[in-house]
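Trainee: Could we go through this structure together? I would like to begin with the terms.

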Amino acid sequence: TVLAQVHFVVHTDPARRLEPDTLKIQDRLNNAVRTWDDRMVEAVLDERRERADGGVAVGIVGEESATEQGQRFAMVFPEGYKEDFTAEEALADLRSLDSLTDEGDLALSFYQPADAGPDERRFKLYLRGEGVTLSKVLPVLQAMGVEVVDERPYELHREDGGACWIYDFGLRVDQKMLDESDEHAVEELRARFQDAFEAAWRGDAEVDGLNGL
């Protein structure tokens with residue numbers, strides 16, 4: 001059958017009286033059995049609610065439900081990506097890819113993961129069309145005064161048969177550049193970093209040590 005019932009027996013210390021939080025346990029069990037694809041459906045539902053609350057029309061293909069749309073979105077991502085990122089992050093990445101209209105277009109995201117150290121950042125490069133080699137990206141990043149510690153490439157296949165790429169780079173940043181106490185400074189650094197990379201990438205600026213400024 002599609003449904004199953006599991007009975008767990010948990011042995012405790014008879015000398016200690018315990019009052020289990022059954023609601024919390026049930027919630028954790030429910031979360032454990034949900035697949036990544038299930039979470040993508042939930043992310044689509046949450047996005048629709050947020051846009052509806054904000055008075056923004058939500059793009060729906062025909063009468064496509066959130067479940068159908070979430071399952072369709074989940075099929076775009078390779079298994080390696082699903083192991084590294086949550087469905088909520090995937091939906092945000094998909095929206096960044098949706099902003100690319102022509103071959104060679106790019107989008108950028110300079111961000112700090114929740115589990116990152118004080119000098120650790122990650123940088124996502126979104127590309128439509130052909131992928132790029134590490135030797136093309138590394139000089140641009142190194143000229144910006146950061147140390148590249150790892151790279152994770154992901155190829156996504158669009159429904160029209162074309163390809164998109166997400167390159168996720170792990171960076172080590174000079175802490176002198178960072179001031180976490182000032183949100184405005186953090187956002188300004190993020191914008192300046194992305195602008196500088198894009199200018200160098202497109203050939204609007206020389207790739208040299210001045211980029212680090």
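Mentor: Let us begin with burial: a residue is buried under 20% relative accessible area, exposed over 50% and partly exposed in between, with a 1.4 Å probe and protein chains only. This is a predicted model, in which local features need pLDDT of at least 70 and side-chain atom pairs count only at pLDDT 80 or more, while totals for chains, interfaces and linings use all residues. Residues are numbered from 1 along each chain as its sequence is written, and side-chain values use heavy atoms, with hydrogens and water left out.

Trainee: Is Leu-127 buried or exposed?

Mentor: Leu-127 counts as buried because its relative accessibility is 4%.

Trainee: Where is Leu-127 found?

Mentor: Leu-127 belongs to strand E2. Strands (E, at least two residues) and helices (H or I, at least four) are DSSP runs numbered from the N terminus.

Trainee: What does Leu-127 touch?

Mentor: Leaving aside residues up to four places away in sequence, Leu-127 touches Leu-97, Leu-100, Asp-105, Leu-106, Val-132, Cys-164, Trp-165 and Tyr-167. Contact here means heavy atoms within 4.5 Å. Cys-164 lies 37 residues from Leu-127 in sequence, yet the two are 5.7 Å apart in space, C-alpha to C-alpha.

Trainee: Why is strand E2 largely enclosed?

Mentor: Eight of the nine residues of E2 (residues 120-128) are buried, so the rest of the structure largely encloses this strand.

Trainee: And in what order do the strands of the sheet run?

Mentor: Four strands form an open, antiparallel sheet in the order E1-E2-E4-E3. The edge strands, each pairing on one side only, are E1 and E3 (147-157). From one strand to the next, the twist averages 15°. Two strands pair if DSSP finds at least two bridges between them.

Trainee: Over how many bridges does E2 pair with E1 and with E4?

Mentor: With E1 (residues 106-111), E2 pairs in the antiparallel sense over six bridges. With E4 (residues 163-172), E2 pairs in the antiparallel sense over nine bridges. In E2, Lys-124 is the bridge partner of Ser-109 and Arg-122 that of Tyr-111, while Phe-123 stands opposite Phe-169 in E4.

Trainee: Which way do the residues of E1 point?

Mentor: Leu-106, Leu-108 and Phe-110 point one way, Ala-107, Ser-109 and Tyr-111 the other way, and all are buried. In a regular strand the side chains alternate between the two faces of the sheet.

Trainee: Which helices lie across the sheet strands?

Mentor: Among them, H5 lies across E1, E2, E3 and E4, at about 45° to E2. Helix H7 (residues 183-201) lies across E1, E2 and E4, at about 145° to E1. Axes are lines fitted to C-alpha atoms, for helices over the stretch in contact, and angles run from 0 to 180 degrees between N-to-C directions.

Trainee: Changing topic, how do H2 and H5 pack?

Mentor: H2 and H5 (residues 87-98) pack at about 60°, with their axes 8 Å apart. H2 and H5 are therefore oblique to each other; angles under 35 degrees count as roughly parallel, over 145 as roughly antiparallel, 65 to 115 as roughly perpendicular and the rest as oblique.

Trainee: How do the residues of that contact divide by class?

Mentor: The contact of H2 with H5 has seven nonpolar, no polar and five charged residues. Ala, Val, Leu, Ile, Met, Phe, Trp, Tyr, Cys and Pro count as nonpolar, Asp, Glu, Lys and Arg as charged, and the others, Gly among them, as polar.
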